[in-house]
Amino acid sequence: MMTTPSRDHRRYTILMTVLAFIIIAACMRLPIPGIDLISASFQLAQSGGMERLSLFALGTVPLFSLLALVELVRLVAPDLAERLGHAGWPRLLFGIAVLLLTALQAYGVLTAFVAMGLMADTLGAMVLGIAAFVGVSALLLWLNDAIRLPGLGSGIWLLMTIPMFSRVPREIVMSIEAVRSGIMPPWHLWALAGAVVIAVAIVVALNRLLLDTRRNDGMRQDTPLSVLLWPPFLAGIATGYLMVAPIILLPASLEAAPWLATAMQTVFMSVLIPLFVYGYFRQLPVDRRADMKPILTVVALSQVLLCAGLGLLPLIVFAPAAPTGPALIVCVTVVLALGRVLVSDRRQTR
């Protein structure tokens, strides 16, 4: 039987997904060139692995930071973003910006390692370390463009979830050990597990809701789930900037009452998420807004519930490995997208 283009695309997606897992898993286990692993043994024991001292120490932060900026431009000035999207030079400029940002952040990280006595203070070690980080970012850039999971429109979401999933076994073991040692009451673990199950069910329902409307919603057809994935992260980035003011103005209060910082972050997130969802609502054709308004309202309220609920959960129970709302949303959405690829591929094979 002749292989159809759609089947070729699915097999290519599966191949690139497996390749991404292999590359990131390898980078998370390869130490930064010049790191003294003997001196770093204490840090390795505290962090639970090589990740903080590996080639993946920066993770997807440089790439994701600039992608978030691009998404913000799309929300604020969609006409400008569309014009730039049809040109070739913005894509090249974006890649250069990612690599430059990586080099700057790598310099900061390596300088800290030098100050901690984990690296030799030589020009050669610094150049080699920066080059290694830039090379990893170049690989992530390529994977971001090569991977296209259905409904996600970008490979960054898969790239972000790989290290998240790698930490899950360790975090589960940490929680079980906390119960066995008496640090964590058993009901705290059950409460955490129940909250995660409920949160997963909500994200699954939101995925179904948005994917059922993608044909007629008027939003960009390649990324129908953008309104689910981006607002929590954009709100989180904005919240980080807004929290600078309380940290500067109220340092004593935040130190005396650590829960106050969590409460402030929750309030900021709860206000900002609906604003970013409204940005996607503004992109809809006028004749579609009446139909999509209740759907996007449900999405915004659900995102606030997830982010606020999981954010405040550590104040109620001892949860050393509690997931955050944005992380859980993206992990569940990526798993569902991978499931759609695998199911479609099996159906095509039959």
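## Thr266 and its surroundings

Thr266 touches Ala308 and Leu312, residues up to four places away in sequence not being counted; contact here means heavy atoms within 4.5 Å. Thr266 lies in helix H12 and is buried, its relative accessible area being 12%. Buried denotes under 20% relative accessible area, exposed over 50%, and partly exposed the range in between, with a 1.4 Å probe and protein chains only.

## Basis of the model

The model is predicted: local features need pLDDT of at least 70, side-chain atom pairs count only at pLDDT 80 or more, and totals for chains, interfaces and linings use all residues. Residues are numbered from 1 along each chain as its sequence is written, and side-chain values use heavy atoms, with hydrogens and water left out.

## Overall architecture

The protein chain holds 14 helices and zero strands. Helices (H or I, at least four residues) and strands (E, at least two) are DSSP runs, numbered from the N terminus. Of the 350 residues in the protein chain, 42% count as buried. Where contacts of the protein chain join residues at least 6 apart in sequence, 76% of them link residues at least 24 apart.

## Packing of H12 against H13

Helix H12 (residues 258–282) packs against helix H13 (residues 286–316) at an angle of about 165°, and their axes are 9 Å apart. H12 is therefore roughly antiparallel to H13. Axes are lines fitted to C-alpha atoms, for helices over the stretch in contact, and angles run from 0 to 180 degrees between N-to-C directions. Angles under 35 degrees count as roughly parallel, over 145 as roughly antiparallel, 65 to 115 as roughly perpendicular and the rest as oblique.

The crossing of H12 past H13 is right-handed; a crossing has this hand if the near helix is turned clockwise from the far one by less than a right angle, and is left-handed if anticlockwise. Residues making the contact include Trp259, Thr266, Met269 and Phe281 of H12, and Arg289, Ala308, Leu312 and Leu315 of H13. The contact residues comprise 13 nonpolar, five polar and three charged. Ala, Val, Leu, Ile, Met, Phe, Trp, Tyr, Cys and Pro count as nonpolar, Asp, Glu, Lys and Arg as charged, and the others, Gly among them, as polar.

## Packing of H8 against H13

H13 also meets helix H8 (residues 186–212): the two axes come within 11 Å and cross at roughly 165°. H8 is thus roughly antiparallel to H13, and the crossing of H8 and H13 is left-handed. Among the residues in contact are His188, Leu192 and Leu210 of H8, together with Ile295, Ser302 and Ile316 of H13. This contact of H8 with H13 consists of 17 nonpolar residues, two polar and no charged.

## Nonpolar cores

A nonpolar core is a set of buried Ala, Val, Leu, Ile, Met, Phe, Trp, Tyr and Cys residues joined through side-chain atoms within 4.5 Å. The largest such core has 76 residues, of which Leu63 and Trp157 touch the most other members. H13 supplies the largest share of this core, ten residues. Leaving aside residues up to four places away in sequence, Trp157 touches Phe64, Leu152, Leu229, Trp230, Phe233, Val330 and Val334.

A second, separate core has 14 residues, including Ile35, Ala106, Val114 and Leu118. Leu118 and Ile38 are 8.8 Å apart in space, C-alpha to C-alpha, and 80 residues apart in sequence. Ile38 is found in the loop between helix H1 (5–27) and helix H2 (41–47), and is exposed, with a relative accessible area of 72%.
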